[in-house]
Amino acid sequence: MKILVINPGSTSTKIAVYENETPLLVRNIKHTVEELSVYPQVIDQFEFRKNLVLEELETNGIPFEFDAVIGRGGLVKPISGGVYEVNEAMKRDTLHAMRTHACNLGGLIAEELASALPHCRAFIADPGVVDEREEIAHISGSPLLPKITIWHALNQKAIARRFAKEQGSRYEDLDLIICHLGGGISVAVHHHGRAIDSNNALDGEGPFSPERAGTLPAGQLIDLCFSGQLTKDELKKRISGRAGLTAHLGTTDVPAIIQSIEEGDKKAELILDAMIYNVAKAIGASATVLYGKVDAILLTGGIAYSDYIISRLKKRISFLAPIYVYPGEGEMESLAYNALGALRGELPVQIYK
């Protein structure tokens, strides 16, 4: 089986080619701000990114012959985790998604490329809108504002399965708290194969992160909205994009921030420690969902490479459960394995409605 994997991100397009479980090609195509600025909307980048994928295949001498193309899923309506075949309903909802992110292009590009090949199928798997939360976790203090979740479902579920396999167990038998530490930070509670609680890591819940504000004081936020200082679009950027570490310190580069701290920058130290403090609080709060009976805490994402952050985070949460660290994201491998499982009949292919 040959699988083409496409993972569009805010500033990159990652592609991979797998033959069964073996990666034949893995590429991370970076995009400059100037390159992307010519496109008024993210959806307008469709042809640009699709053509980059085709050019990369041609450059590396890989024939355009695949059994499946799988893309990173977009911000469609809430769905359960799993593998989904791209259909007209998914395409429609993706094109009219309320939230804008490059991940919305993943399934669209996958379907376009797969449709040009005989007997090739287009999939997505575990998109960021996976919602398996219990009913109680949807309730906020206002019926006008039910809680929604946007999180790193793909990576978290892949890490959970990897951990279970290493422990000689099954994901469906474990109770885990998993924290993805990246440009956004998501904390989810996994109970017997379902994420029964998870935050909105994109636009306004949980700990702040390198580029997102997390939970903000509601009254002050309302005052800012009506102050006339910022437009609606500018305010949204102050929640997701120009928020968190970059709002405080002017950068999302964690290693650079740590270097500044080592050179005596007390403000950088305070802000980074505040982020760690808020992450620890979110993990601690998540333990109450499982009544304190947590098999393990798994830390993942790009920031998990940082000894500075992981060591300080462990000091605050190690009393809760054993901690395991899985730096990086593993999304490409996870997407490939999901597509392979679907083609082999080992994973059910769900229908998006």
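## Close-up views of a predicted protein model

View 1. The place of T22 is in strand 3, where strands (E, at least two residues) and helices (H or I, at least four residues) are DSSP runs, numbered from the N terminus. This is a predicted model, in which local features need pLDDT of at least 70 and side-chain atom pairs count only at pLDDT 80 or more, while totals for chains, interfaces and linings use all residues. Residues are numbered from 1 along each chain as its sequence is written, and side-chain values use heavy atoms, with hydrogens and water left out. T22 is partly exposed, with a relative accessible area of 46%; on this scale buried means under 20% relative accessible area, exposed means over 50%, and partly exposed lies in between (1.4 Å probe, protein chains only). From T22 to E65 the distance is 16 Å, C-alpha to C-alpha, and the two residues are 43 residues apart in sequence.

**View 2. The whole protein, shown for orientation.** The protein has 12 helices and 12 strands. Its radius of gyration is 20 Å, close to the 20 Å that the globule rule gives for 353 residues, so the protein is as compact as a globular protein of that length; the radius is taken over C-alpha atoms, and the rule is 2.2 Å times the number of residues to the power 0.38. Along the principal axes, the C-alpha atoms fill a box of roughly 55 × 50 × 45 Å. Of the 353 residues, 50% count as buried. Among contacts (heavy atoms within 4.5 Å) with a separation of 6 or more, 69% come from residues 24 or more positions apart.

View 3. Seven strands make up an open sheet with mixed pairing, in the order 3-2-1-4-6-5-12. Strand 3 and strand 12 (349-350) are the edge strands, each of which pairs on one side only; two strands pair if DSSP finds at least two bridges between them. Strand 5 (residues 83-85) and strand 12 run parallel and are joined by two bridges, and V349 in strand 12 is the bridge partner of V83. In a regular strand the side chains alternate between the two faces of the sheet.

**View 4. Two hairpins built on strand 2.** Strand 1 (residues 2-8) pairs with strand 2 in the antiparallel sense over seven bridges, and the two form a hairpin with three residues between them. Within this pair, K2 has E19 of strand 2 as its bridge partner. Strand 2 also pairs with strand 3 (residues 22-30), again in the antiparallel sense, over eight bridges, and here the bridge partner of I15 is R27 in strand 3. This hairpin has two residues between the strands, and N20 takes a positive phi near 50° in it. Six of the eight residues of strand 2 (residues 12-19) are buried, so strand 2 is largely enclosed by the rest of the structure.

**View 5. Strand 4 and its parallel partners.** Strand 4 (residues 68-72) is mostly covered, as four of its five residues are buried. Strand 1 and strand 4 pair in the parallel sense over four bridges, with A68 in strand 4 as the bridge partner of I3. Strand 4 also runs parallel to strand 6 (residues 121-125), to which five bridges join it, and A125 in strand 6 is the bridge partner of R72.

**View 6. H101 in a loop between two helices.** H101 is found in the loop between helix 3 (88-95) and helix 4 (104-114), and it is buried, with a relative accessible area of 13%. A polar atom of the H101 side chain lies 2.9 Å from the backbone nitrogen of C103. When its neighbours within four places in sequence are left aside, H101 is in contact with S10, V42, R72 and L75.

View 7. At 1.5 Å a residue, the 14 residues of helix 5 (residues 153-166) should span 20 Å, and the end C-alpha atoms are 20 Å apart, which agrees; the expected span is 1.5 Å times one less than the number of residues. Helix 5 is mostly covered, with 10 of its 14 residues buried, including L154, I159 and F163. Just after helix 5, G168 takes a positive phi of about 70°.

Definitions and conventions: Polar contact = N/O pair within 3.5 Å; in protein donor to acceptor, adjacent residues only side chain to side chain.
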